[in-house]
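Student: I would like to learn how to read salt bridges and sheets in a model. Where do we begin?

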Amino acid sequence: MVGMILPLSGRTKGESRFCQCNTATCNDSDVCYIKYLLRTLVMITHSKRIFTTASLLFTTLHGVLIADDADQARAEYPGGFSRPPSQGKDYNTWADATGPDVGEVKVDPKRLPSRVDNSSRSQFPPIYKQRWGACGQFASVASIFTYEMNVLNGTVADTDANWFPAHFSWNMMNKAENNGSEAYHGWEVAKRIGIPTAKTYGGVRLNKIGMWPNGYGIWREAMEYRVSGYRYSPANTVEQLNEARGWLFDRNQPKKDGETIGGLFALDGRMGELKKVTKTIPEKEYAAGEDVWVRWGPSGYGHGITCVGYDDQVGFDVNGDGKITNDLDINNDGKVTLADWERGAYIVVNSWGKSWSKDGRIYLLYSAMIDPTWKRGNYLGRVEVERYQPKKTLKLKLSCNDRSDLRMTVGIAAEAEATVAEYEISPLALNGWPLFGRSNGGHVPIAGPDDDTPIELGIDLTELFEKLVGDKAANGKIFLTFGRADKSKVEGKVHECAIRSYDKTGKFLSESPLKIEDGTFGESSLKIESVIGEQKNK
């Protein structure tokens with residue numbers, strides 16, 4: 001089945017690919033092409049729809065592209081749900097990615113199959129049933145990040161060692177309460193500090209909101225699994241749709257040899273009054289008996305879901321005229337666009353369990369995303385992942401009564417006699433996650449709500465130490481400060497602290513403990529200074 005209705009431009013006379021006469025001397029290839037499409041469409045289309053299809057094909061023959069305007073595929077930041085507002089309008093979320101950006105590759109829709117379902121791949125994790133308002137993280141991390149990391153690693157998502165948790169990133173920004181999140185929250189956590197495996201973390205989801213993991217090994221493992229870049233793009237036009245289909249098929253990077261593995265998208269749908277927009281495809285239609293969303297819900301809040309593929313043949317008679325068309329102005333806006341299409345749908349995986357909508361999946365008409373009353377529902381979020389090996393880390397055992405008002409810095413200087421740092425970082429997790437604005441870890445103890453125990457964690461110092469070269473990196477000075485935000489009443493204690501070194505493969509080399517006289521801080525800040533390497537390595 002041809003994936004989309006295509007223009008005839010670019011095909012040459014004598015093309016025999018569609019011609020029944022199967023001869024290179026055919027001089028009527030345009031007509032043969034139409035005959036081919038009609039023959040193919042007859043196999044999947046009810047007879048009463050043939051006239052409409054024929055009209056569309058002949059219109060295309062004469063050069064008028066129905067349901068297509070000139071709006072190009074492109075990256076876009078439509079609002080606060082697509083990247084952290086704190087980073088400003090010039091923040092390029094794809095800057096560190098290696099793959100082509102949205103719109104850089106011209107898409108040939110003729111090479112795309114009519115159906116792609118990446119949830120059937122071995123790299124895709126189980127369909128989860130979310131706990132609390134973590135849908136954004138079940139989509140962006142537990143589903144998409146897991147899939148992408150398995151594709152990258154050449155592994156299979158059949159064990160918790162190859163799954164990634166929704167709650168690790170969620171608990172970094174939910175204020176230790178049952179709050180929602182955006183997909184980018186998970187991708188930024190993965191970009192800045194990484195995501196541990198579900199096996200090490202203790203599961204894809206936890207039994208209590210707001211808990212931070214206790215164990216250096218968990219934080220150290222997280223550093224290895226990262227996001228290199230992410231993007232949002234609109235899907236309002238045929239060209240934008242084809243770019244999205246290309247990403248789902250092979251990331252718009254066709255290979256001559258080897259298996260083609262496409263990507264996924266994060267969606268934000270409106271879920272109120274779903275019964276009004278959830279339809280069952282009737283008998284004798286393609287995919288009969290399956291459920292399809294013909295629009296976003298007319299009310300309610302956003303809900304993070306995962307787009308795993310598409311099917312160009314799925315359709316539904318939205319306007320009830322007895323036909324399934326892509327060439328009629330069914331929304332009465334005076335033009336025919338993608339918003340009028342009744343055939344063609346994304347394949348969506350929800351996080352409401354495997355029994356929801358039969359198997360946890362549902363179709364979403366291409367046109368359903370074009371909803372002027374739900375702007376964020378018109379965009380697709382994609383991600384690129386990478387493996388990373390830290391060479392220098394800080395191993396820290398810390399207690400604190402308010403993790404969001406905690407303030408910590410790590411600095412280094414080239415000279416052992418230095419009194420101030422030359423270079424300094426402020427670890428996001430231990431500074432209230434300023435990247436996320438008002439979304440943070442909550443004003444609770446560092447371990448989590450109602451838990452005053454200290455936790456052991458890790459901070460990546462590789463980039464900081466790379467500021468120093470040669471012997472200076474081994475013989476300089478490190479500065480740690482622990483304090484609190486203005487007007488806060490934070491109190492805490494540093495119990496243990498050490499610098500750990502690894503080789504480029506991640507093999508542990510050494511640990512240099514830092515001497516702590518009195519680890520308490522609160523009204524007075526705590527400063528720990530040490531010559532790098534002066535402590536005895538373990």
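Tutor: Begin with one residue in this predicted model. Glu529 has a relative accessibility of 41%, so Glu529 counts as partly exposed.

Student: Which residue forms a salt bridge with Glu529?

Tutor: Side chains of opposite charge can pair when their charged atoms come close. Here the partner of Glu529 is Lys477, with the closest N and O atoms 3.5 Å apart. Glu529 sits in strand β18 and Lys477 in strand β14, 52 residues apart, so the pair links distant parts of the chain.

Student: Is Lys477 buried or exposed?

Tutor: Buried means under 20% relative accessible area. Lys477 has 13%, so Lys477 is buried.

Student: What sheet do β14 and β18 belong to?

Tutor: An open sheet of 4 strands, in the order β12-β11-β14-β18, with antiparallel pairing. β12 and β18 are at the edges with a single partner strand each, so one side of each has no neighbour in the sheet. From one strand to the next, the twist averages 15°.

Student: How many bridges join β11 and β12?

Tutor: The two strands pair over 3 bridges, in the antiparallel sense. Within this pairing, Val410 is opposite Ile425 in β12.

Student: How many salt bridges does the whole structure have?

Tutor: A search finds 23. One of them joins Arg245 and Asp312, whose closest N and O atoms are 2.6 Å apart. Arg245 is in helix α8 and Asp312 in strand β6, so this pair ties together parts 67 residues apart in sequence. Both residues, Arg245 and Asp312, are buried.

Key
Residues are numbered from 1 along each chain as its sequence is written. This is a predicted model: local features need pLDDT of at least 70, side-chain atom pairs count only at pLDDT 80 or more; totals for chains, interfaces and linings use all residues. Side-chain values use heavy atoms; hydrogens and water are left out. Two strands pair if DSSP finds at least two bridges between them. Axes are lines fitted to C-alpha atoms, for helices over the stretch in contact, and angles run from 0 to 180 degrees between N-to-C directions. A salt bridge is a side-chain nitrogen of Lys or Arg within 4 Å of a carboxyl oxygen of Asp or Glu. Buried means under 20% relative accessible area, exposed over 50%, partly exposed in between (1.4 Å probe, protein chains only).
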